[in-house]
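Student: Could you take a close look with me at the place where the two chains meet? I would like to go through it step by step.

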2 protein chains.
Amino acid sequence: MQQLSSKIVNKAVASFSSLPGIGEKTALRLVLHLLRKDKEDIVSFASSIEQLLDLHYCSKCYNLSDTDICEICANPNRDEAKICVVEDLLDVIAIENTTQFNGYYHVLGGVISPIDGIGPNDLRINELIERIENSNTEEVIMALSTTLEGDTTNFYLYKKLKNYPVKISTIARGVGIGDEINYTDEVTLGKSIVNRIPFEKTL
Amino acid sequence: MQQLSSKIVNKAVASFSSLPGIGEKTALRLVLHLLRKDKEDIVSFASSIEQLLDLHYCSKCYNLSDTDICEICANPNRDEAKICVVEDLLDVIAIENTTQFNGYYHVLGGVISPIDGIGPNDLRINELIERIENSNTEEVIMALSTTLEGDTTNFYLYKKLKNYPVKISTIARGVGIGDEINYTDEVTLGKSIVNRIPFEKTL
């Protein structure tokens, strides 16, 4: 669409527009914005991207990390009895932001999704089992999305783990805090009635 | 907002979220997308940004260029009698895309806007006069935005150029192609009546 004689600009535009949600016009706008910045800012932008190559997966929980063991796994003050199984690092961030969980994580790297060609062997399930075998884990908390794929993965993990001496739990599904009952979809509302909890627990 | 233990990821997120229209959450999504790409793609993304430092302004028209003289100015098949004055390189692209102009450009680098602290001396107006003095220019076509600032700049340029032996014109303002008369604002519609053109010209 854009007819630009500069190959350098075109290359930068192509880079930005390869990102999700950024079209050619937006990409050009971003490049022009960068061009108006100081030389140092452009160098630092480029190097911050190149440094992404230095990232590792934590060798314990498979969260992204600057070091071999991530900051969470390296923290000895957390509760080693609990492992929270999540899909990816965004979920780690989301749960950390609640400050309600003090155990360790295990990042599966996705959920079972035959339609996307992702089977159990593409996920870090064997690594999870190994961790459970070689640690003092008492509870595995499954915090996967409440989608078909998430539920399939939950069930697969449950079958794999049920013979180990660990408690297997899943995060509560129910009516969201601040939601109105008459606007809640019937599946969620139905589950929230079936899985009702003692009122004292909400105090 | 995001609590991420990786300094590397945080730095890349900060880079992206320094761009206009990209918040922290979007920036993180873009970084995670990059991380899923091949090593070569990340290197090429970073280098495409670093190469922006190699860009010049064309020493004739002040368009962005990979070389000292931009591709348009280096093309001898264009009509040297016409110079089209534009605000920035986006306008060059827009006019080039119409394929209706075969002369050369002059990129002012902005318009006169006292509120933003941009005066005539911040624009490449003297360079334009120098070009007109030292070339066979016959017509200067002003293609600035039809805003207060654009009109001010048009008028300033007109006063500066009127004593040179060049025709000074401005792009037509009027009802857009495909627009309905009764939805056109009255200023535009008024101008389009005052500046009506011989019907034969529209054929």
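Tutor: Happy to! Let's begin with charge: across the interface of chain B and chain A, the rule finds 1 salt bridge. In this predicted model, that bridge joins the side chains of A:Lys7 and B:Glu71, at 3.8 Å from N to O. Polar contacts come next, and 12 residue pairs make them across the interface of chain B and chain A, with both residues at pLDDT 80 or more.

Which elements of chain B supply the side that touches chain A? Those giving two or more residues are helix H1 (7-17), helix H2 (24-35), helix H3 (39-50) and helix H4 (89-98) of chain B. Among them, H3(B) gives the most, with 10 residues. By type, the residues on this side of chain B split into 27 nonpolar, 12 polar and 9 charged.

Now for the extent of the meeting: 48 residues of chain B are in contact with 48 residues of chain A. Together the chains bury about 4,900 Å² between them, and carbon and sulfur atoms give 71% of that area. On the chain B side, B:Ile8, B:Ile49 and B:Leu52 lose the most area to chain A, together 13% of what that side buries.

Finally, how are the two copies arranged? Chain B superposes on chain A by a rotation of 179° with 0.0 Å of shift along the axis, at an RMSD of 0.1 Å. The copies are therefore related as by a two-fold rotation axis. The same surface serves both copies, since 100% of the contact residues of chain B recur in chain A. Of the residues of chain B, B:Ala46 comes closest to the rotation axis, with its C-alpha at 2.2 Å.

Technical notes: Residues are numbered from 1 along each chain as its sequence is written. Chains are lettered from A and ligands numbered from 1 in the order in which they are written. This is a predicted model: local features need pLDDT of at least 70, side-chain atom pairs count only at pLDDT 80 or more; totals for chains, interfaces and linings use all residues. Side-chain values use heavy atoms; hydrogens and water are left out. Contact means heavy atoms within 4.5 Å. Buried area is the accessible area (1.4 Å probe) that two parts lose on being put together, summed over both. A salt bridge is a side-chain nitrogen of Lys or Arg within 4 Å of a carboxyl oxygen of Asp or Glu. A polar contact is a pair of N or O atoms within 3.5 Å; within protein, one must be able to donate a hydrogen and the other to accept it, and residues adjacent in sequence count only if both atoms are side-chain atoms. Helices (H or I, at least four residues) and strands (E, at least two) are DSSP runs, numbered from the N terminus. Ala, Val, Leu, Ile, Met, Phe, Trp, Tyr, Cys and Pro count as nonpolar, Asp, Glu, Lys and Arg as charged, and the others, Gly among them, as polar. Copies are superposed by least squares on the C-alpha atoms of residues with pLDDT of at least 70 in both.
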